[in-house]
Amino acid sequence: MKQSQLFSKTSKTSEADATSVNHDFLVRAGFVDQLMAGVYSYLPLGWRVLHKISDIVREEMDAIAGQEIFLPALHPKENWVKTGRWESMDVLFKIKSQSDSEYSLGPTHEEVIVPLAKKHINSYRDLPKAWYQIQTKFRDELRAKAGLLRGREFLMKDLYSFHATREDLQAYYEKSKQAYTNVFTRCGLDAIITEASGGSFTKEFSHEFQVATENGEDLIFTCACGFSQNKEIAKVGEGDRCPRCGKEKIKAVKSIEVGNIFDLGTKFSKDFDLKFTDEDGTSKEVIIGCYGIGISRLMGAIVEVHNDEAGMIWPEEVAPYEYHLVSLGDNDAVYKQSEEVYEQLTKSGKEVLWDDRREASNGEKLGDADLIGIPTRLVISPKTGDKIEVKKRAEKEIKIVSIKEL
Ligand code: ATP
Ligand code: MG
């Protein structure tokens, strides 16, 4: 991609309500645009990142037998009345049509997927099943802030698993923990598996995936041994002896919840009468698990963790491009050589953003490269001759290589 053709421009000034690092950098670098509080447009660079995160999530969900589907965002009121959440869920967006019918905009999809499952699950032979989607969710958050971390409209991956027995659900639940850990590791994050309450879904425990960072809204009590509880439910406090290892003291850490997995039991099966006939001929309620990842929040969390004062530092697997080729100096020879490098790299399947803007100053170009944060920067200038300067965004060291070596 030639930067001169790029849809978005960078900006030196922060938006007035940019109170978080991810909001500030993502908007200034032209990855996203804020339409109103908690609602964002994704521009080409940001959309590429979101695609990369989604593809990682797809690979890991497919690996645990997830099958991708795509459900509606517009839901009939009666399904939400049936589960009691039309009244009990305060973040539910409710809308009225011109003929006075009522609908909700999906904040989660149990009310859609469980009635759907009823049409496809009848016998123990139909179980287990795991269906997931990557969907726009709507939540009427009171305080939509911190950039992509808390949206009123946001992207979520939600997977629902259906089982004949508790043991089968438990085994799948454990597998999903590993799949989630894989997702976050590939996104360059270290997510701490944390015990939490079931939220609005169940009274049982759930597990959250929490990324430690100063700008997180959550507080978790953790120990190096792997013990971790969300403050909202925690039975321990800062400085207490860890109840698991009995050695270390519990630390309080600010964090971002990037994922959450739930054992829903038979709550929704009861609501929608989702039953199956077991091997012995008896009719039983299906046991359901639910597994969410905030895809857009994850993008914000990556920026919160990977940045410096000059801008973002994208981990390789989720970077919008692999290489940022920067041509310095308004010089014909530099542009000719840059074009060759750009074409060779692109032809060999590399993803390259080429800063080919002749009117921009060297300082502007290098500043933009730091702000955008592509992992490897390649500089061609009158000084480099027929060589190329290679620098990793996260490192200081500069290497000089030939096209061939590159
Ligand atoms: P929170 O406690 O932060 O409000 P939640 O526990 O209500 O989130 P879940 O219902 O568990 O959220 O949703 C699954 C995942 O979706 C969360 O782990 C989070 O990553 C993401 N998510 C939830 N709400 C939002 C939001 N308003 N904006 C962006 N992502 C969100
Ligand atoms: Mg949650």
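Colleague: Is helix α1 mostly covered or mostly open, and how many of its residues are buried?

Modeller: A residue is called buried when its relative accessible area is under 20%, exposed when that area is over 50%, and partly exposed in between (1.4 Å probe, protein chains only). Helices (H or I, at least four residues) and strands (E, at least two) are DSSP runs, numbered from the N terminus. By these criteria α1 is mostly covered, with 7 of its 8 residues buried. They are Asn22, His23, Asp24, Phe25, Leu26, Val27 and Arg28. This is a predicted model, in which local features need pLDDT of at least 70 and side-chain atom pairs count only at pLDDT 80 or more, whereas totals for chains, interfaces and linings use all residues. Residues are numbered from 1 along each chain as its sequence is written, chains are lettered from A and ligands numbered from 1 in the order in which they are written, and side-chain values use heavy atoms, with hydrogens and water left out.

Colleague: What covers the buried residues of α1?

Modeller: Contact means heavy atoms within 4.5 Å. The cover includes the strands β1 (32–36), β2 (39–42), β17 (307–308) and β18 (311–312), together with the helices α8 (295–305) and α10 (362–372). After α1 comes Gly30, whose phi is positive, near 75 degrees.

Colleague: How many helices and strands does the chain have, and what share of its residues is buried?

Modeller: The chain has 10 helices and 23 strands, and 52% of its 406 residues count as buried. Its C-alpha trace spans about 80 × 60 × 45 Å along the principal axes. Among contacts between residues at least 6 apart in sequence, 67% join residues at least 24 apart.

Colleague: How many salt bridges does a search of the whole structure find?

Modeller: A salt bridge is a side-chain nitrogen of Lys or Arg within 4 Å of a carboxyl oxygen of Asp or Glu. The search finds 31 of them. In one, the side chains of Glu111 and Arg85 meet at 2.8 Å, N to O. Glu111 lies in helix α5 (residues 110–118) and Arg85 in helix α4 (residues 85–88), so this pair ties together parts that are 26 residues apart in sequence. Glu111 is buried at 0% relative accessibility, and Arg85 is buried at 3%.

Colleague: Which residue forms a salt bridge with Glu217, and is Glu217 buried or partly exposed?

Modeller: The partner of Glu217 is Arg150, with the closest N and O atoms 2.9 Å apart. Glu217 sits in the loop between β10 (205–212) and β11 (218–222), and Arg150 in the loop between β7 (129–138) and β8 (153–163), 67 residues apart. Glu217 is partly exposed at 40% relative accessibility, while Arg150 is buried at 19%.

Modeller: A further pair is Glu214 and Lys254, whose closest N and O atoms are 3.8 Å apart. Glu214 belongs to the loop between β10 and β11, and Lys254 to strand β13 (residues 251–265), 40 residues apart. Glu214 is exposed at 60% relative accessibility, and Lys254 is partly exposed at 39%. Elsewhere, salt bridges that share partners join Glu59, Glu60, Arg186 and Glu317 into one network.

Colleague: Where do the domains of the chain lie, and what area is buried between them?

Modeller: Domain bounds come from an automatic or database domain assignment. That assignment gives domain 1 (3–308) and domain 2 (321–402), with C-alpha centres 38 Å apart. The contact takes 13 residues from domain 1 and 13 residues from domain 2. Buried area is the accessible area (1.4 Å probe) that two parts lose on being put together, summed over both. Here it is about 1,200 Å², of which carbon and sulfur atoms give 52%. In domain 1, Gln3, Thr10 and Arg48 lose the most area to domain 2, together 47% of what that side buries.

Colleague: How many salt bridges are counted between domain 1 and domain 2?

Modeller: The count is 3 salt bridges. Arg48 and Glu351 meet in a salt bridge through their side chains (3.5 Å, N to O).
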